[in-house]
Amino acid sequence: MSSGGPGDLFAWSETKDADEGTQEFCDKVKGEVEKTTGQNFAVYKAVKYRNQCLCGGEHFVIKVHVGETDYIHLYVARVTGIQHPERVPPSLQGVQQNKTKEDLLEPF
C-alpha cells in the first residue's frame, strides 16, 4: 500500500468535503448501489471523499449519508485517459454498509 508521502504519485488524498461533482458520481451509481445492498435510499447524500489519481483513471472512496445515523462507503472508479471521459459513466467497485459518521474513509 502507498505510504502517502510527498512525491508519492499514486497516494490517496486526505479526506475532503464532498461537492457537487462528488454527488454527481454517487447519483450515477445509485441504482447499482441499491441493487447491491437490496435497499432503496430516500436519503442519499455524499458528505466526504478521498481520491487517488492513476494513469487513465481516478478512484474515489465516498462517505454517503443514507438516513438518520446511517452511512455507507462507496468505492467508485472513473476513466480519465480517453478523449471523452464524460461519456464513460463512473463504475461502482464496492459498497461497505453499516458505517457511522465517525468511521474513517479508507480504501477497500
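This report walks through the fold, the sheet and a few side-chain details of one predicted protein model.

Residues are numbered from 1 along each chain as its sequence is written. Because the model is predicted, local features need pLDDT of at least 70 and side-chain atom pairs count only at pLDDT 80 or more, while totals for chains, interfaces and linings use all residues, and side-chain values use heavy atoms, with hydrogens and water left out.

## The overall picture

Let us begin with the whole chain. The protein chain has 1 helix and 5 strands; helices (H or I, at least four residues) and strands (E, at least two) are DSSP runs, numbered from the N terminus. Along the sequence they follow the pattern β-α-β-β-β-β.

Of the 108 residues in the protein chain, 36% are buried. Here buried means under 20% relative accessible area, exposed means over 50%, and partly exposed is in between (1.4 Å probe, protein chains only). The accessible surface of the chain is about 6700 Å², and carbon and sulfur atoms account for 48% of that surface. Such areas come from the Shrake-Rupley method with a 1.4 Å probe; for residues, only the protein chains shown count as cover.

Contacts (heavy atoms within 4.5 Å) also tell us how the chain is joined up. Among contacts between residues at least 6 apart in sequence, 51% join residues at least 24 apart.

Two strands count as paired if DSSP finds at least two bridges between them. The table gives three of these pairings.

| Strands | Sense | Bridges |
|---|---|---|
| Strand 2 (residues 45-54) and strand 3 | antiparallel | 9 bridges |
| Strand 3 and strand 4 | antiparallel | 10 bridges |
| Strand 4 and strand 5 | antiparallel | 6 bridges |

## A closer look at strand 3

Strand 3 is mostly covered, with 10 of its 11 residues buried. G57 belongs to this strand, which covers residues 57-67. With a relative accessible area of 11%, G57 is buried. Opposite G57 stands V79 in strand 4. Leaving aside residues up to four places away in sequence, G57 touches Q52, R78, V79, T80 and G81. One of these, T80, is 23 residues from G57 in sequence, yet the two are 4.6 Å apart in space, C-alpha to C-alpha.

E58 in strand 3 is the bridge partner of C53. C53 is partly exposed at 43% relative accessibility, whereas C26 is buried at 0%. A disulfide is a covalent bond between the sulfur atoms of two cysteines. Counting one as a pair of cysteine sulfur atoms within 2.5 Å, the model has 0 disulfides.

## Aromatic rings

How many aromatic pairs does a search of the whole structure find? The search finds 5 aromatic pairs. Rings of Phe, Tyr and Trp (its six-membered ring) pair if their centres lie within 6.5 Å; planes under 30 degrees apart count as stacked, over 60 as edge-to-face and the rest as tilted.

The rings of W12 and Y75 have centres 6.0 Å apart and planes at 80 degrees, so this pair is edge-to-face. W12 lies in the segment before strand 1 (16-17) and Y75 in strand 4 (residues 70-79), so the pair ties together parts that are 63 residues apart in sequence. W12 is buried, at 11% relative accessible area, and Y75 is buried at 11% too. Ring pairs link W12, Y75 and F108 into a cluster.

F41 and Y44 form a stacked pair, 6.2 Å centre to centre with 25 degrees between the planes. F41 is buried at 8% relative accessibility, and Y44 is buried with a relative accessible area of 8%.

Finally, a ring can meet a charge. The charged end of K63 sits over the ring of Y71, 5.8 Å from its centre; this label applies if NZ of Lys or CZ of Arg is within 6 Å of the ring centre and within 35 degrees of the ring normal.
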